[in-house]
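Colleague: Please show me the model, and let me ask how each label was reached.

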Amino acid sequence: MTRSRLALALVCAAFAGGLLFAGATLSQSATEAPPQDAAGRADGGLSVEQLLARTTPPNTPNRDQVERGRQLVIAGDCAACHTKAGGAPFAGSRPIRTPFGVIYSPNITSDHMKHWSADQFYRALHRGLDDDGHHLYPAFPYTYFVHVTRADSDAMLAYLRTTPAVAAKRPANALPFPLNIRGVLVVWNALFFHPKPLQTPAGKSAAWARGQYLVEGPGHCGACHTPKNMLGADETSKAYQGGVLDNWEAPNLTADARTGLGAWSVDDIVEYLKTGRNARAQAGGPMAEVVSASTSMLPDPDLRAIAVYLKDRPAAAPNAGGDPDRAAMARGEAIWQDTCSACHLQSGEGQARFFPPMRGNQGVQQGDPTNVVRVILEGVRTAPTPTRPTPLSMPSYAWKLTDREIADVATYVRNAWGNKAAPVGADKVASLRRKLDLIRPPLSSWSKVDQR
Amino acid sequence: MATKLPEVDILLVGFGWTSAIMAQELAETGLSILALERSAWRDTPADMAPTFDQDELRYYWRQHLFQNVSHDTLTIRNNTSQTALPMRRLGSFLLGTGVGGAGVHWNGQIWRFLPSDFLAKSHNAQRYGPQSVTQYDMTVQDWGVTYEELEPHYDTFDKLCGTAGKAGNLRGQIQPGGNPFEGPRQNEFPAPPLPMTYAPTLFAKAASEVGYHPFPHPAGNMSQPYQNPLGAQLGQCTYCGFCEKFACGNYSKATPQTTLFPSLFTKPNFTLKTGAEVLKINLDSNGKRAVSVTYVDGEGREWEQPAGAILLGAYILHNVRLLLLSGIGKPYNPQTGEGVVGKNYAYQITSSVHVFYDDKILNPFIGAGALGMVVDDFNGDNFDHSGKGFIGGGYIALLTTNGRPVEWYAGSHIVPKDTPNWGPKWKAAVAKNYLKSATLATHGAVMSHRGNYLDLDPTYRDIYGRPMLRMTFDYTDNEHKMSDFLTDRATDIAKAMRPREFRANPRKGSWSVVPYQTTHNTGGAIMGATPQDSVVNTYMQSWDVPNLFVMGAGAFPQNPGYNPTATVAALTYRAAAAIKSQYLKAPGALVQA
């Protein structure tokens, strides 16, 4: 054996040993590509988007009803809560993180819904009761679904009964006593569930009325965008002024020009909901899911109706801006130039529909700075949609910037170029970092020394 | 023993540009399509984020995006009198691996070949005599396909990529500001040229003064935000200067990830498996039909994947090796000239001229992979070769691809003549010249040659026990004469730029595997009009096994003086169109032998 052959044999032997070791620790190595930049599912099955995009075959019994149900299930974004990450569409088990604990969504594929009657389904939407008559937690937004008509309720059930059957059991909810006893919801409903039929004021257009139905009914926009009281019920006097859930801020949708939709046109809203982006903003976080699995698949007239209705909300800005520290602004500007300006430009103007503008951006000027801090910490992925399928993404800076640096650059973004919002403290960043489990590892022994 | 899997309709081997294009084009047929990629999944936000994608140590020096040569490599020699040895560190060319392949780490230089390039044998023989294409033992061939046939497919690729440039020939009309020598384009580039930095403008001015025709290099780096016909979005390039050998974190370089994946991965009939290395193509008992491939996963388990049609989309060296390992086609024999698999392996010949100024700040770190100005006056047959003793040519460009400090000095040695390689004088020269220097590059053709070929190594094997590929290659007098001529023309321009000093670096002697030159390996699975002189027909279909298609630059009968990617893509689009419109309706040979 020549020296080189011997060397090669040793390399091969070493590698074979490595394979054996790997074989003991890995269950699967020829993996499907993880669909991080893609819509497909890891096990090769259909994604929610692929399933929902399938129109009902012509030979389906009650086809018109099923097709109408598909549109309503899309409008209601049922998939968002009833599909877990990488899981089969509508098979449930997604953890819904409420301030009170974790609730796991149930399976609503045909496997489960074939047991439901149309009356039971209508009762669930309208009274928040399951097929056995037990109370459902208001994480299931029956406070909005109460406005769904009987015909639409029947159509939604008809569609869900056509979905691919998956026999999936969900984990037990993680709720503390006494909230784990569903009976307490009798009290909650008595306090907060006083549904009134939707009224369309005289003089409003048909589009307005349709928008009202979609927004207040199946679309349940306020479930995120209306602030909640201590017991998780909508503060109806502050409707659409922005809410916080699961460490995201659902922004103000009122007509306030700085923090709400006051500067947006109807076309801006339609483009945002349809494509996931417009010249002002891009959908990320939970709203990216709403856009990908719901609004991007709605017919244009429905999107326009939603926009017309939303544009007709009174202006309200719950939080005023504050005076940022000049030193913090100077530090923030330096970080902006080094780290952010390549994509978002020095002027903060960004590249419309690619990398969003920060100048005049409503999202970064919310009273609560959660989103801007979270996006810097965690990164963010723009909603992929049929018309704009690229999930343009920003990377995480959690490992690269300190809490102080993130606070400074967030303060800068919230107050540069005419923006105005309260400054961000390093403690806010530290707290969110802990909640998101985005620990910043020391980059070297030198940074350990720095931290001492 | 391999475990047999359920059959798929279309199997793609390797997952870079050609397989991604094929998958996208064939997905509309509704057929089940499976791609097998030997290495890892990677996408923009997770694997190429701009928070770390400019790491020279990781990507340039440690070759993070490239094939691990301790698992698999190839053996190399200059001629048959030598014993080939394994390439133990990638040098002259860089073999990509992983999802997106070389499409991830390319510069984005998007060229079309000249109409005469596709007729290299007949055109040159007619103009310069029959011996012009056979001297120096050259084995030059026509392609069997013309520029006009490929033009619509070049156009498709330009629109996919958002190519930035200026047309020089629109439907036969010469356009000011573009390349007057190019073949006619049906359409203008989809995006305007990249805004120029200072050094290329100095080059363009000087080139004009000496009578040449400078134009902006066509670029797959975005000159403006771009949305392609598949809806994919690419952002404007930031000129960070980390293209070649690096992945782009800004969605600013045309890659399979940025141009194709957003659409492709929404297709329910498409599946990608990573960590799946194809070892062999299995034929039926009479050797006329490919029935499956055998692949091995990361745990060393073997699988047999049956398929209706198999498309090889790995890098050319792997495609040729798979043909040889699977006994498909007759291996080329350089002694007799018989056989075709491995024949006409070719490469590229490059040289450079550095210019150094005292009074001009050029800021070389402001760069992009295809940012620069070019002259094409000495490419292909754009000039009279009479009496010059060579055929072919190349372009001369001043590209500001990068000012990456490690590569600039450790790799390219861009310092004036007589500077020592280390120590205080080297440091002083670096400090004095970094901001004030630039490089003119020549990028020359390599004609095919009787003694340049690929076969299986008799000695060395990979971790799976398969023979390695053996590369036998050297430059001939044709290349040296041509490259010296190009270097002299580049020197003319360098002088007209009036620098303090310049330094010409002609390519001398035998081809060396050590310094990086280009990853433009071609040939070995060449295309042509008859099975006697080619491996595949002009639809990239194997003459011997008609349900096997071989993509990539392995089909080039010789290598013109341009970067290959756009032609590789155009040939793929043309093959995809034929597969859709003809092959799937009546599977069988698309061209009768």
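Modeller: The centres of domain 1 of chain A and domain 2 of chain A, taken over C-alpha atoms, are 35 Å apart. The model is predicted: local features need pLDDT of at least 70, side-chain atom pairs count only at pLDDT 80 or more, and totals for chains, interfaces and linings use all residues. Residues are numbered from 1 along each chain as its sequence is written, and chains are lettered from A and ligands numbered from 1 in the order in which they are written.

Colleague: What are the bounds of domain 1 and domain 2 of chain A?

Modeller: Domain 1 covers 46-196 and domain 2 covers 326-447. Such bounds come from an automatic or database domain assignment.

Colleague: Why is N371(A) called buried?

Modeller: A residue is buried if 20 or more other C-beta atoms, placed from the backbone, lie within 10 Å of its own, exposed if 12 or fewer, and partly exposed in between. N371(A) has 22 other C-beta atoms within 10 Å, so it is buried. N371(A) belongs to helix 16 (residues 370-378) of chain A; helices (H or I, at least four residues) and strands (E, at least two) are DSSP runs, numbered from the N terminus.

Colleague: Which residues is N371(A) in contact with, leaving aside neighbours within four places in sequence?

Modeller: They are W248(A), E249(A), G363(A) and Q366(A). Contact requires C-beta atoms, placed from the backbone, within 7 Å. As for P251(A), 120 residues away along the chain, its C-alpha atom is 9.0 Å from that of N371(A).

Colleague: What makes strand 1 and strand 14 of chain B a pair?

Modeller: Two strands pair if DSSP finds at least two bridges between them. Strand 1 (residues 3-4) and strand 14 (residues 302-312) of chain B have two bridges, in the parallel sense, and K4(B) has E304(B) as its bridge partner.

Colleague: How many bridges join strand 13 to strand 14 of chain B?

Modeller: Five bridges link these antiparallel strands of chain B, with Y295(B) partnered by W303(B). Strand 13 and strand 14 of chain B form a hairpin with four residues between them, and G300(B) in the turn has a positive phi of about 85°. Strand 14 of chain B also runs parallel to strand 22 (residues 548-550) of chain B, with three bridges; there L312(B) is opposite V550(B).

Colleague: What makes strand 3 of chain B mostly covered?

Modeller: Five of its five residues, 33-37, are buried. On one side these are I33(B), A35(B) and E37(B), and on the other L34(B) and L36(B). In a regular strand the side chains alternate between the two faces of the sheet.

Colleague: Why are strand 8 and strand 21 of chain B said to stand at the edges?

Modeller: The open sheet has six strands in the order 8-16-17-18-15-21 (chain B), with antiparallel pairing. Strand 8 (215-216) and strand 21 (501-505) of chain B each have a single partner strand, so one side of each is left without a neighbour in the sheet. Helix 7 (residues 198-209) of chain B packs on this sheet, touching strand 16, strand 17 and strand 18 (437-444) of chain B.

Note on methods:
Two residues are in contact if their C-beta atoms, placed from the backbone, lie within 7 Å. Axes are lines fitted to C-alpha atoms, for helices over the stretch in contact, and angles run from 0 to 180 degrees between N-to-C directions.
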